[in-house]
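This briefing covers helix packing, the ligand shell, the domains and some backbone details. Please read it alongside the sequence and coordinates.

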Amino acid sequence: METIGIIVNPLSGNGRGSNIWREIETYLQSHHIAFLVKLTTYAGEATQHAMTLIQHHQVHQLIVIGGDGTIHEVVAGMRQLALTSDSPCSIAVIPAGTGNDFAKAYSIPTHPIEALQIALAAAKKVQIDLLQATNHPIAVNSIGAGFDGMVAKVTNEASYKKLLNRFGLGKLSYFISILRVFATYQPSIAWLEVDGNTYELPNMWLAAVANIPFYGGSIQICPTASPCDGHADVVVIQSKGRFKLLPVLFTVYQGKHTKHPAVTFYKGKSITIRTAKPLLVQADGEFAGSTPVQIEIIPAAITVISG
Ligand SMILES: Nc1ncnc2c1ncn2[C@@H]1O[C@H](COP(=O)(O)OP(=O)(O)OP(=O)(O)O)[C@@H](O)[C@H]1O
C-alpha cells in the first residue's frame, strides 16, 4: 500500500481536529498503515503542506482532518500543482470542522474511523468541478457575496463559535450569526452576469455561486447544485423588506425555499457579481475580500473520495 499524506488542522472545530487525529493515528499505527502527517500551525499553511506532500513526497492521496476552511486551503495547493505538473492526487476528508458541508455533500460519515475506512478503501472516486474566482481564492463548495459574506465574517469572529463547538453544536453558530446579520442587513442593487447575460438585481440580499447544495453548516441553499455537471448554480435572494424573508429563513435548511418569490436560480459556467458598493465575499465559509467577483467553473478539476 502506498504512503498516504495526512493534513491535520488541530484547531478545527475548536480542537476536535486534534482529538480526532489522536484517534486516527492510533488506528493507523495499530493497522501498520504507512502515512506522512503534517499539522497546521497557522492559517494558510495547509496549502503549503499539500504541495510539499504531493511534490516532495509523491503522495497520491491526501486525507484532510479539518473543516471546510482547511479543505479549501488543501485544494488550492492541489490545484496550483495541477496547473504546472501532472501529479494525480485525490482528496479524502475526515470531518473535524464546524460546518462540514463538504463532508455532507460527498456522503462522508461524521464518525472518524468510518470516514478513515472510506478514505483507505477509496472505492468511490468522483471528479469534481472547482470555482475559480479572479483575484479571490479557488473554492470547492461555494462563493457568495452580501448577506452570506457577512455571516461568514461574523461567525468566524464570534466567541460563541468556540463555545458551541465545545458542546458539539458548532453548526448552531452559523444560525445565530444569520439571525444577528438578518436583524440589521441592508440590501443593495447588484448586477449578475451569467454566461454573457446581465441581470439587474434591486434589493439584493445575497448572490451565491454553489458547487454543492450546502453551505453554512447544512443550509440547503441550492438543492440542485452538482459538483460534477460542469456548471455552477447561482442563487439570488432579493427583498425590499426583511420580514418577507422570514419564510425563506426557516425553510432554507430543508431546501424548501426554492419556490419563494424572493428566490431566483441561475446556472452557468462564467459568473460575475458587481455591486454599487463593495460587499463582503465568502469562499467556502472563509472571508475572501469584497465585490466585484468574477467566477469561472473549472470542470472535473480534482478527484474526491466519496462515501
Ligand atoms: N494552527 C492554526 N492556527 C490558526 N488558524 C489555523 C491554524 N490551522 C488552520 N487554521 C485556519 O483555521 C481556519 C478554520 O479551519 P476549519 O475550516 O478547518 O475549521 P472550522 O472553521 O472549525 O470548520 P468549518 O470551516 O467547517 O466551519 C482555516 O481557514 C485555517 O486557515
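A crossing of helices is left-handed if the near helix is turned anticlockwise from the far one by less than a right angle, and right-handed if clockwise. The model is predicted: local features need pLDDT of at least 70, side-chain atom pairs count only at pLDDT 80 or more, and totals for chains, interfaces and linings use all residues. Residues are numbered from 1 along each chain as its sequence is written. Helices (H or I, at least four residues) and strands (E, at least two) are DSSP runs, numbered from the N terminus.

**Helix H1 with helix H5**

- The crossing of H1 and H5 is right-handed.
- Helix H1 (residues 16-30) packs against helix H5 (residues 112-121) at an angle of about 55°, and their axes are 10 Å apart. Axes are lines fitted to C-alpha atoms, for helices over the stretch in contact, and angles run from 0 to 180 degrees between N-to-C directions.
- H1 and H5 are therefore oblique to each other. Angles under 35 degrees count as roughly parallel, over 145 as roughly antiparallel, 65 to 115 as roughly perpendicular and the rest as oblique.
- H1 contributes Ile20, Glu23, Ile24 and Tyr27 to the contact, and H5 contributes Pro112, Ile113 and Leu116. Two residues are in contact if their C-beta atoms, placed from the backbone, lie within 7 Å.
- By class, the contact of H1 with H5 has 6 nonpolar, no polar and 1 charged residues. Ala, Val, Leu, Ile, Met, Phe, Trp, Tyr, Cys and Pro count as nonpolar, Asp, Glu, Lys and Arg as charged, and the others, Gly among them, as polar.

**Helix H8 and its partners**

- Helix H6 (residues 147-157) and helix H8 (residues 170-184) have axes that come within 9 Å and cross at roughly 125°, which makes H6 oblique to H8.
- The crossing of H6 and H8 is right-handed. On the H6 side the contact residues are Phe147, Met150, Val151, Val154 and Thr155, and on the H8 side Ser173, Tyr174, Ser177, Ile178, Arg180 and Val181.
- The contact of H6 with H8 divides into 7 nonpolar, 3 polar and 1 charged residues.
- The axes of helix H7 (residues 159-166) and H8 come within 7 Å, crossing at roughly 150°, so H7 and H8 are roughly antiparallel to each other.
- H7 passes H8 in a right-handed crossing. Tyr160, Lys161, Leu164 and Asn165 of H7 meet Gly170, Leu172, Ser173 and Ile176 of H8.

**Ligand shell**

- There are 21 residues around the ligand, and Ala43, Gly67, Gly69, Gly97 and Thr98 come nearest. A residue counts as near if its C-beta atom, placed from the backbone, lies within 6 Å of the molecule.
- Helix H3 (residues 68-84) supplies the largest share of the shell, 4 residues.
- The shell divides into 3 nonpolar, 15 polar and 3 charged residues.

**Domains**

- The domain assignment gives domain 1 (4-123) and domain 2 (138-299); such bounds come from an automatic or database assignment.
- The centres of domain 1 and domain 2, taken over C-alpha atoms, are 26 Å apart. Their contact takes 16 residues from domain 1 and 24 residues from domain 2.
- On the side of domain 1 that touches domain 2, H3 gives the most, with 7 residues.

**Backbone details**

- Most residues other than glycine have a negative phi, and most peptide bonds are trans.
- Asn203 has a positive phi of about 50° and lies in strand S9 (residues 197-210).
- Thr291 and Pro292 are joined by a cis peptide bond, with omega about 10°. Pro292 lies in the loop between strand S16 (286-290) and strand S17 (293-305).
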